[in-house]
Amino acid sequence: MTAFYLAVAIFIILFLFLYCQNNIIDVTKYRLHSNDVNSEIKIVQLSDLHSKPFGKVIELTEKQAPDIIVITGDYINDKCRNKNKMLQFGIELLNIAPVYYITGNHERRLDNFDELMGELKNIGFTVLLNEIVTTDINGSTVNILGLDENQADFEDYKARKNGTFQYQDMSGYFNSLAKLNGFKLVLSHFPENYKAVTENNYSQYDFDLQLSGHAHGGQFILPIIGPVFSPGQGIRPKYARGSFGDRPKLIVSRGLGNAEFPFRLFNHPQINVISISKD
């Protein structure tokens, strides 16, 4: 009987530990400087919710008082789970600030992809599928390039493993962005495209900031080892969290939800808050 109660106690402790690992949300703040802004701009980045409508995310996002919210893919998972709840969640986000959205690999696997994009537009999301929008934020011109890379279905993963995968040439979109005046923001689901790829990497182009997700922080973050694994980067991924470079700078969200693997370890869900002010 003592062994039974001990096993129950261990199970409860493990359950509570894993619950906290998956549901305690970290808010990470970054401060950038640019001559292309006239007054401070605040961006909240949400990524990889995977159909999980966190009530706490709404509360924490509202607390930041952002000028805009950007969602860097995998908002809804590839089973289209909780679609109506996520549409309602999106309406709640729009009550806080304008929302700019790009796709991830999960949305791209959906048979109802076009229908879903229409529904997100109908609630008020600015859906960017390889498009640039220019907006005024607090008297500053901000150009936002949203990439629809569509590079991570299951066949793509096999090709990457075999070394035969070819990354898309996005140079035309970046060249169009470079011609514009103002702050240049790139939304890309895949952080490895910043510099881990060679010929078509994004860091060679003229822009200010890239915001990405996808890597889930490596799912597990272990002492000494760091992030453990990310699709597209493999074991010990470099671009799984944090910031890289100067200009262009990359900031990677650890994301909020989970995909195929059901829990995180030492890797809480994350909201990024990026404040940009004049030099």
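An open sheet of 6 strands runs in the order β1-β16-β2-β3-β4-β5, and its pairing is mixed. Here strands are DSSP runs of E with at least two residues, helices are DSSP runs of H or I with at least four, and both are numbered from the N terminus; two strands pair if DSSP finds at least two bridges between them. The model is a predicted one, where local features need pLDDT of at least 70 and side-chain atom pairs count only at pLDDT 80 or more, while totals for chains, interfaces and linings use all residues. Residues are numbered from 1 along each chain as its sequence is written, and side-chain values use heavy atoms, with hydrogens and water left out.

At the edges of this sheet sit β1 (26-33) and β5 (126-127), each pairing on one side only. β5 runs parallel to β4 (residues 99-102), the two being joined over 2 bridges, with tyrosine 101 opposite valine 127 of β5. Helix α2 (residues 55-64) packs on the sheet and touches β1, β2 (41-46), β3 (68-72) and β16 (270-277), where contact means heavy atoms within 4.5 Å. The direction of α2 makes about 165° with that of β2; axes are lines fitted to C-alpha atoms, for helices over the stretch in contact, and angles run from 0 to 180 degrees between N-to-C directions. In the loop between β2 and α2 comes histidine 50, which has a positive phi of about 50° although it is not a glycine.

Leaving aside residues up to four places away in sequence, histidine 268 touches Cys20, Gln21, Ile24, Asp26 and Arg254. With aspartate 26 there is a side chain to side chain polar contact at 3.3 Å (a pair of N or O atoms within 3.5 Å; within protein, one must be able to donate a hydrogen and the other to accept it, and residues adjacent in sequence count only if both atoms are side-chain atoms).

The other sheet is also open, with 6 strands in the order β6-β7-β8-β9-β15-β14 and mixed pairing. β6 and β14 (242-244) are at its edges with a single partner strand each, so one side of each has no neighbour in the sheet. From one strand to the next, the twist averages 20°. β6 (residues 131-137) and β7 (residues 140-146) pair antiparallel over 7 bridges, threonine 135 having valine 142 of β7 as its bridge partner. Their hairpin has 2 residues between the strands, and asparagine 138 takes a positive phi near 55° there. Further along, β8 (residues 183-187) and β9 (residues 209-212) run parallel, joined by 3 bridges, and leucine 187 stands opposite leucine 211 of β9. The loop between β14 and β15 holds proline 248, and the peptide bond from arginine 247 to proline 248 is cis, with omega near 0°.

The axes of α3 (residues 83-94) and α5 (residues 113-123) come within 9 Å and cross at roughly 30°, so the two helices are roughly parallel to each other (angles under 35 degrees count as roughly parallel). Lys83, Leu87, Gly90, Ile91 and Leu94 of α3 make the contact with Glu115, Leu116, Glu119, Leu120 and Ile123 of α5.

How values were computed: Parallel < 35°, antiparallel > 145°, perpendicular 65-115°, else oblique.
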